[in-house]
Amino acid sequence: MEWLHQPSSWSEEDQIIGLMVEPKTDFWRKTHDGHVQDNGHFYYQQVEGDFQSGVKVSGQYHALYDHAGLMVRLDEANWFKCDIELINGLRHCCVVVTRDYSDLSLIPLPATIEAVWLRIQCHDLTYEVSYSLDGENYTLMRQAYLAASPAVAVGLMAASPLGEGFPVTFEGFAVHKK
């Protein structure tokens, strides 16, 4: 695995990856105000063909739009991320699909939930994004499409666009070829 925008502080041990998300980081393109930011943390591997990826995410979200989760990336203008994001003081499961312009879809989470499992399944250029509150039962959040590519970057993503950063933990990250 390799980093795009490695954070100053991070660790990896026994399938647990922890990091301190740095402030003023994000992945977003153009929608709403023309703003483009491509400096969030992304720890990834290259994957060819169909796959399934998953991870358990927990964080101490503090500021509006603090978020962490999974990302699939072709390049700076073609990618998507699914994450847990703090919006108006509440955590949400979110999916942002970017094909030059970013969009956002979200599902509010129960206030008592500390961790969420995220899963991406890719089959013939169709990506299905799901979440789980227990690691067993998954709910589909979105189907998306990215342009054909021999390989995509798949991995862990975190950002703090407006805040001063926050700690996040990823557990059991895996990518399985189908």
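Trainee: Why is K24 called partly exposed?

Mentor: In this predicted model, the relative accessible area of K24 is 41%. Buried would require under 20% and exposed over 50%, so a value of 41% falls in between and K24 is partly exposed.

Trainee: What makes the contact between E164 and K24 a salt bridge?

Mentor: The side chains of E164 and K24 meet at 3.4 Å, N to O, and the cut-off for such a nitrogen and a carboxyl oxygen is within 4 Å, so the contact qualifies as a salt bridge. The pair links distant parts of the chain, with E164 in the loop between β16 and β17 (166-177) and K24 in the loop between β3 and β4, 140 residues apart.

Trainee: Is E164 buried or exposed, and how do you know?

Mentor: E164 has a relative accessible area of 61%, and because exposed means over 50%, E164 is exposed.

Trainee: How many salt bridges does the structure hold, and which residues does one network of them join?

Mentor: There are 6 salt bridges in the structure. The side chains of R29 and D100 form one of them, at 3.0 Å, N to O. R29 lies in strand β4 and D100 in the loop between β10 and β11 (101-102), so this pair ties together parts that are 71 residues apart in sequence. D100 also meets the side chain of K30 in a salt bridge, again at 3.0 Å, N to O. This second pair links distant parts of the chain too, since K30 is in the loop between β4 and β5 (36-38), 70 residues from D100. Through shared partners, R29, K30 and D100 are joined into one network.

Trainee: Why does R29 count as buried, and why is D100 called partly exposed?

Mentor: R29 has 12% relative accessibility, and because buried means under 20%, R29 counts as buried. The value for D100 is 28%, which lies between the limits of 20% and 50%, so D100 is partly exposed.

Trainee: How do you know that the charged end of K30 sits over the ring of Y101?

Mentor: The charged end of K30 is 5.2 Å from the centre of the Y101 ring, and the distance limit is within 6 Å; the charge must also lie within 35 degrees of the ring normal. A second case is R119, whose charged end sits over the ring of Y138, 4.0 Å from its centre.

Trainee: Why is the pair of F80 and Y127 described as edge-to-face?

Mentor: The rings of F80 and Y127 are 5.1 Å apart, centre to centre, with 65° between the planes, and because over 60 degrees counts as edge-to-face, the description applies. F80 lies in strand β9 and Y127 in strand β14 (residues 126-132), so the pair ties together parts that are 47 residues apart in sequence. F80 is buried at 0% relative accessible area, and Y127 counts as buried at 3%.

Trainee: Why is strand β6 described as largely enclosed by the rest of the structure?

Mentor: In strand β6 (residues 41-47), 5 of the 7 residues are buried, so the strand is largely enclosed. Strand β1 (residues 2-4) runs antiparallel to β6 and is joined to it by 3 bridges, and β6 is also joined to the antiparallel strand β16 (residues 152-159) by 7 bridges.

Note on methods:
Residues numbered from 1 in each chain as written. Predicted model: local features only at pLDDT ≥ 70, side-chain atom pairs only at ≥ 80, totals over all residues. Heavy atoms only, no water. Buried < 20%, exposed > 50% of the residue type's maximum accessible area, 1.4 Å probe, protein only. Helix = DSSP H or I, 4+ residues; strand = E, 2+ residues; numbered from the N terminus. Pairing = 2+ DSSP bridges. Phe/Tyr/Trp six-rings, centres within 6.5 Å; stacked < 30°, edge-to-face > 60°.
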